Each structure stands twice: as structure tokens, then as C-alpha cells.
Amino acid sequence: MLTDINPFVYSHPLAPAEIIDRDDETRELLTNAVGGHYVRLYAPRKYGKTSLLQRALADGEREEGLIPVLVDLYRVVSLADVTVRIERAYARHLKGAVRARVDQFLQRTGIGLSLGATGISARIQLDPKADPLPALHALLDLPLRLEQSGGYRALIAFDEFQDIQKVPDLDGLVRSHIQYHGDVASYVFAGSEPGLMEQLFEDRDRPLYGSAVPMRLGRLAPQDVGAYVAERFAESGRDVGEALGSLLHAADGHPQRAMLLAHRLWASVEPGGAATLENWRRAHEAALAELDAEFDAEWRHLDTSEQKTLRSVIEGGGSPYRGDVLARLALTKDMVRKALPRLAASALIERHGDRHEIVDPLFAEWIRRSADPPEMVDP
Ligand SMILES: Nc1ncnc2c1ncn2[C@@H]1O[C@H](COP(=O)(O)OP(=O)(O)OP(=O)(O)O)[C@@H](O)[C@H]1O
Ligand SMILES: [Mg+2]
């Protein structure tokens, strides 16, 4: 049996007991939910949205008696997709007597819904022309049934909510149901594309305009990350030693990058050993090498003024308008002004006061290096 297991997970959402901090964010989410307010939770990719939702749902169930339902809308493209995702979410979360009652209700509707193994997805596969709309209406109204079957209040989290933009008029459909659910359910809409989330919630002409309290998930505090990393090293018979400072500096509070770097560092230290700066150097290089193809694709996806603006933010130390940097990059203020909102809409940069920051510290390091490649050595 494997016993010496790397304690740093960076490739999937974490179980509630495994996450660093986020106590305040969990409380804020639940306070809103219990108070009947809907929340839109925004954070860049890999900042721990799904982990936070899982924690808030678990706490909400345990402490407030809420019925938790987490619906993953990642890359949905049709009403049928959305219908299947919501049905499966209820199938995963409902338990015991409530589940039996809800399942009975769904089966009685006669439209193919069921919490069992063969639900609406089987019906849609058998008959691709079947209209998923009646099933979707029934599912969106389930919180009313939960209330009727025992006074339960539901906490429903839609993860990757921005992806519903791919399905025409879905936001209107969702609104037409949830606007009557204030007494029976609370909703959290989580998303990672600020541009798309803004279109859904901040445009006066859109159905969900102003319907949810905004909440932003930020970086982790270095002391929280440091304590977690040191503790996990110690628990697994290693010492993070002198490498910790460099790791915290390079991760810059980015949750997934911190865990990726810690994972790599841990892997480079023998059982019983202490991490050295040489271990750190190798771990850092390994992490950047792992991400190289992804960063390269991301970079090629940008147009020239976006690429130069990213460099300008980095080389200007957070200020993209420094004259010497602009001149060196052959970039104009006007190009920067136009590129900044696009970079912010896709969460590549964030603004803090009048400073701009690259969201992903490892991407910033990759850009820095590709702008300044090592010199060729004469033979
Ligand atoms: N609070 C946290 N404590 C420790 N690690 C975290 C925390 N939040 C996120 N992470 C790290 O980030 C990774 C991604 O977390 P999660 O999947 O919850 O983020 P996400 O924002 O939902 O990502 P995506 O944009 O891919 O959906 C986790 O595997 C973990 O390594
Ligand atoms: Mg997620």
C-alpha cells in the first residue's frame, strides 16, 4: 500500500476539511443564503470557487438544515444539457425520505424525470427530438416541492454559471422561476469570466440584472498558506525549511499555484529530509515546464496589443503607462487603454486601486522569461 502520499492537491476541488481559510467567505455566503439573498460569486479560474461552494453547502446543511444542491454548468450548450445537469445534481444530493418523495413526484410528472439511474438523459438519448423544456421547468420548480414535503429550504449553487450564455434565453427562464423562490430557496451563481458575469447581472436589459449580491473571492493570505504548507510537510515527515519564503513569494496568494508549487517542492524532498533552495529551484522549474504548453497557447490567443500590455504591466511594476516601457515595447497609451478592459474581462489581469496585476503569478513569470530569453553562449 502507498503510504507516502503527496498531501498537496492541485488538480481538483478540495474537500471542505482540506481547504485553507475561507472562513469569512463561507460565513458571508451562508448569511446571505439564510437571509434569503441570492449571491453571485466571482473569482478567476482556479481560485477555489468550487471548493468554497462545497464547503458552504456542507456547512449550510449541517448548521442550518439547508438542502444543498450543486449544479455544474461547465460548458453546457443546450437546454437538454442544462436539464440533465440539474437532474443529476438533485440525484447526487438528495437523501432519505426527501429523496423518495421528490423522486415519486418527478416520476408522476410522466416526462421522463427520475433520480434513479435512468433519468431524463436516457429519454433524451432515446429520442433526441424530445423537448426538454417541460422537464427543465419541473426541475427549476423543485425547491417548491421540497418546501411542501417538509418545510425544507434549499441552497442551490450554479457553478460555472457564465456558460449559460451559450443557451439563448436561459437566463430569462431561470429568472421566471427563481423570482418566486425567496421563501423556499437561496441561490448562488458562481463564475470565472468577469466579462460574461457582468453581462448577465449588470446589464439593465438582462433578466437577472441586479438580482444577486456580488461577492469576490480573493487571494489567500501568505501566512495562511505558509502555515498549511509547513504543517502538511511536517505531518508527512518532511521539513519545508528555507524554501517556504520563496514558495510564498512565487505563489503570491494564488490558491492553485500555491498548491501546485507545494506539490512539486514536496515531491523533490526525500522522506525525513528538509527542503533546500536547490529543491525549490527544481520544483519551480518543474512547475513552469508543466505549464509551458498551456501558457504558450494562452499567449498565442492574445492579439499584439494585449501581449504588449501584459508586458507593460509587468515591466512597469503594476503601472502599464510608464513612458520608458511604452517606448521600449512600441506601445501607445491608447492601445493600452483599449487592451486593459479585454484583459480584465477574461481575468488575465486584476486591478487593485491604480495598480494592475497579472492574476496568475506563474504566467507573469513565464512572460518575464520569454521576454528575456537566456543569451546564446558563443561556442
Ligand atoms: N482555499 C483553498 N485552500 C487550498 N487550496 C485551494 C483553495 N482554493 C483552491 N485551492 C487550490 O486550487 C485548486 C482548484 O480549486 P477549485 O477547483 O475549487 O477552484 P475553481 O475556482 O473552482 O477552479 P476552476 O476555475 O477550474 O473551476 C485546488 O485543487 C487547490 O489546489
Ligand atoms: Mg470550479
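Rings of Phe, Tyr and Trp (its six-membered ring) are treated as a pair if their centres lie within 6.5 Å. In this predicted model, such ring pairs link Tyr38, Phe158, Phe161, Tyr187, Phe189 and Phe201 into a cluster. By the same rule, the count of aromatic pairs comes to 14. One of them joins Phe161 and Phe201 in a tilted arrangement, with 5.9 Å from centre to centre and 40° between the planes. This pair links distant parts of the chain, for Phe161 belongs to the loop between strand 3 (154-159) and helix 8 (170-178), whereas Phe201 belongs to helix 9 (residues 194-202), 40 residues apart. Both Phe161 and Phe201 are buried.

Another pair is formed by Phe295 and Phe363: the ring centres are 5.0 Å apart and the planes stand at 40°, so this pair is tilted. Because Phe295 lies in helix 13 (residues 277-300) and Phe363 in helix 17 (residues 361-371), the pair ties together parts that are 68 residues apart in sequence. Buried means under 20% relative accessible area; Phe295, at 0%, is therefore buried, and Phe363, at 1%, is therefore buried.

A ring also meets a charge: Arg238 lies over the face of Trp266, 3.8 Å from the ring centre.

Turning to the whole, the protein chain holds 17 helices and 7 strands. Of its 379 residues, 48% are buried. Among contacts with a separation of 6 or more, 74% come from residues 24 or more positions apart. The chain exposes about 18,600 Å², of which carbon and sulfur atoms supply 52%.

Methods:
Residues numbered from 1 in each chain as written. Chains lettered and ligands numbered in written order. Predicted model: local features only at pLDDT ≥ 70, side-chain atom pairs only at ≥ 80, totals over all residues. Heavy atoms only, no water. Helix = DSSP H or I, 4+ residues; strand = E, 2+ residues; numbered from the N terminus. Buried < 20%, exposed > 50% of the residue type's maximum accessible area, 1.4 Å probe, protein only. Contact = heavy atoms within 4.5 Å. Areas by Shrake-Rupley, 256 points an atom, 1.4 Å probe, with all protein chains shown as cover. Phe/Tyr/Trp six-rings, centres within 6.5 Å; stacked < 30°, edge-to-face > 60°. Lys NZ or Arg CZ within 6 Å of the ring centre and 35° of its normal.
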